[in-house]
Amino acid sequence: MQYDVDFLIIGSGIGGLTLALNVAGTGQVAIVTKKEAIETNTNYAQGGIASVLSKYDSFDLHVQDTLAAGRLKIRVYTMNHDIMTESLVEARIKTGFGSPHLRIGPIKIFADGGMSNRTAAVSQPYLTPPHGTGLKIQSREALIEAVKRYHALGYQIAIHAQGDAGISDTLDAFEAVLGPQSGNPLRHRIEHGCVWLCRRSE
Ligand SMILES: Cc1cc2nc3c(=O)[nH]c(=O)nc-3n(C[C@H](O)[C@H](O)[C@H](O)COP(=O)(O)OP(=O)(O)OC[C@H]3O[C@@H](n4cnc5c(N)ncnc54)[C@H](O)[C@@H]3O)c2cc1C
């Protein structure tokens, strides 16, 4: 079979396709490749493994390029540890700020530890070592103050609470800002919530 074209371009990577686009207005173009047209370094590099290679390059450029190519499939809703949020507060960046791909989520506060290490704060001692009643990361009063602060600033708040004592403090803190009103407009929430006492979950 014979083709009669003005431009024969070898390669369907960024080099070949850029040339093809540039000359397409002036004549007929044919592109020849070794395998499938999509089998190029150019294709594999998009939204894949990449590195900043020179002072004219930057992470931001790579992010913009990946977004423009429509290849960024993940969406991130950040949880922001309360001991590292002052820069957010100072910049007045609140829950909801961002783009469909990267959005500021709640302030994350820890009320207690975890079940696997018996550090979740419970009202009855553990039956297995190290026994005790777990660990409160902060006092009930400090937790209430923290929740009041971030609620007043307009943040969603997510509190890690696993044991019934940690959950009890957390509910007290949410009650302190939500009061008797129905609803929870900022959608504050408990993370995990392992051991609930009936009196609190009724
Ligand atoms: C995972 C990955 C990450 C990368 N990250 C970066 C980065 O961060 N920054 C950066 O600058 N570069 C990066 N690169 C390199 C960059 O992608 C390539 O340098 C660039 O895409 C090359 O473009 P090209 O058009 O020259 O060739 P390619 O995109 O490789 O296309 C080559 C074309 O030539 C054709 N061809 C080859 N041999 C023959 C033959 N004998 N006969 C006919 N056709 C043939 C192939 O079929 C293909 O169509 C990365 C590459 C990969 C794979």
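**Terms and their grounds**

Tutor: Let us begin with alanine 45, which lies in helix α2; helices (H or I, at least four residues) and strands (E, at least two) are DSSP runs, numbered from the N terminus. The model is a predicted one, in which local features need pLDDT of at least 70 and side-chain atom pairs count only at pLDDT 80 or more, while totals for chains, interfaces and linings use all residues. Residues are numbered from 1 along each chain as its sequence is written.

Student: Why is alanine 45 called partly exposed?

Tutor: A residue is buried if 20 or more other C-beta atoms, placed from the backbone, lie within 10 Å of its own, exposed if 12 or fewer, and partly exposed in between. Alanine 45 has 15 other C-beta atoms within 10 Å, so it is partly exposed. Alanine 45 is also 42 residues from serine 87 in sequence and 34 Å from it in space, C-alpha to C-alpha.

Student: Why does arginine 118 count as buried, and why does arginine 187 count as exposed?

Tutor: Arginine 118 has 20 C-beta neighbours inside 10 Å, and therefore counts as buried. Arginine 187 has 11 such neighbours inside 10 Å, so it counts as exposed. Arginine 118 is in the loop between β4 and α5, and arginine 187 is in the loop between α6 and β6 (189-192). Phi is positive in each: near 55 degrees for arginine 118 and near 60 degrees for arginine 187.

Student: What else is found in the loop between β4 and α5?

Tutor: Proline 130 has its place there. The peptide bond that joins proline 129 to proline 130 is cis, with omega near 5 degrees.

Student: How do you know that helix α3 lies largely in the open?

Tutor: Helix α3 (residues 59-68) has 10 residues, and the number buried is zero, so the helix lies largely in the open. After α3 comes glycine 70, with a positive phi near 70 degrees.

Student: What makes the ligand lie between two domains?

Tutor: The domain bounds come from an automatic or database domain assignment, which gives domain 1 (1-39), domain 2 (47-73) and domain 3 (76-201). Domain 1 and domain 2 both give residues to the shell around the ligand, so the ligand lies between them. The centres of these two domains, taken over C-alpha atoms, are 26 Å apart.

Student: Which residues surround the ligand?

Tutor: A residue is near a molecule if its C-beta atom, placed from the backbone, lies within 6 Å of it. The shell has 22 residues, the closest being Gly11, Gly13, Gly15, Thr40 and Asn41. Two or more residues come from each of α1 (14-23) and α2 (41-45), and α2 gives the most, with four.

Student: What makes a set of residues a nonpolar core?

Tutor: Such a core is a set of buried Ala, Val, Leu, Ile, Met, Phe, Trp, Tyr and Cys residues joined through C-beta atoms within 7 Å. The largest here has 15 residues, and those with the most contacts inside it are Ile109, Ala111, Val147, Ile157 and Ile159. Two or more residues are given to this core by each of β4 (102-110), α5 (140-153), β5 (157-161) and α6 (164-178). β5 gives the most, with four residues.
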